[in-house]
Amino acid sequence: VRRFAVLRYLPNGLLDPSFGQNGVAVSSTFWYDALVNDIAVLPDGKIVVAGNYRIPDVPYFAHDMLFS
């Protein structure tokens, strides 16, 4: 996987149009072997995604992203 998406839904099950682009936020990078390890929703509704990725010929790195 080189990119990943985070979706936010409203209580009625529809995508939240105020989040990302019509409810969908896509990672902006094209890393090799991107892997999401954990997701947390903060009290203010922001979403934190943590994981790792690989750059060819370089060891793995930890990475986190914040979506709001």
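Predicted model: local features only at pLDDT ≥ 70, side-chain atom pairs only at ≥ 80, totals over all residues.

Me: How many residues does the chain have, and what percentage of them count as buried?

Reply: The chain has 68 residues, and 25% of them count as buried. As for its surface, the chain exposes about 4,800 Å², of which carbon and sulfur atoms supply 58%.

Me: Is Val36 buried, partly exposed or exposed?

Reply: One compares the relative accessible area with two cut-offs: under 20% is buried and over 50% is exposed, with partly exposed in between. Val36 has a relative accessible area of 33%, so Val36 is partly exposed.

Me: Where is Val36 found, and which residues does Val36 touch?

Reply: Val36 is found in strand E3, which covers residues 32–41. Leaving aside residues up to four places away in sequence, Val36 touches Phe4, Val49, Ala50 and Gly51.

Me: Where is the place of Arg8, and what lies 3.1 Å from a polar atom of its side chain?

Reply: Arg8 has its place in the loop between strand E1 (5–7) and strand E2 (24–26). The backbone oxygen of Gly45 lies 3.1 Å from a polar atom of the Arg8 side chain. Not counting residues up to four places away in sequence, Arg8 touches several residues, including Leu14, Asp16, Phe19, Gly45 and Ile47.

Methods. Residues numbered from 1 in each chain as written. Heavy atoms only, no water. Helix = DSSP H or I, 4+ residues; strand = E, 2+ residues; numbered from the N terminus. Buried < 20%, exposed > 50% of the residue type's maximum accessible area, 1.4 Å probe, protein only. Contact = heavy atoms within 4.5 Å. Polar contact = N/O pair within 3.5 Å; in protein donor to acceptor, adjacent residues only side chain to side chain. Areas by Shrake-Rupley, 256 points an atom, 1.4 Å probe, with all protein chains shown as cover.
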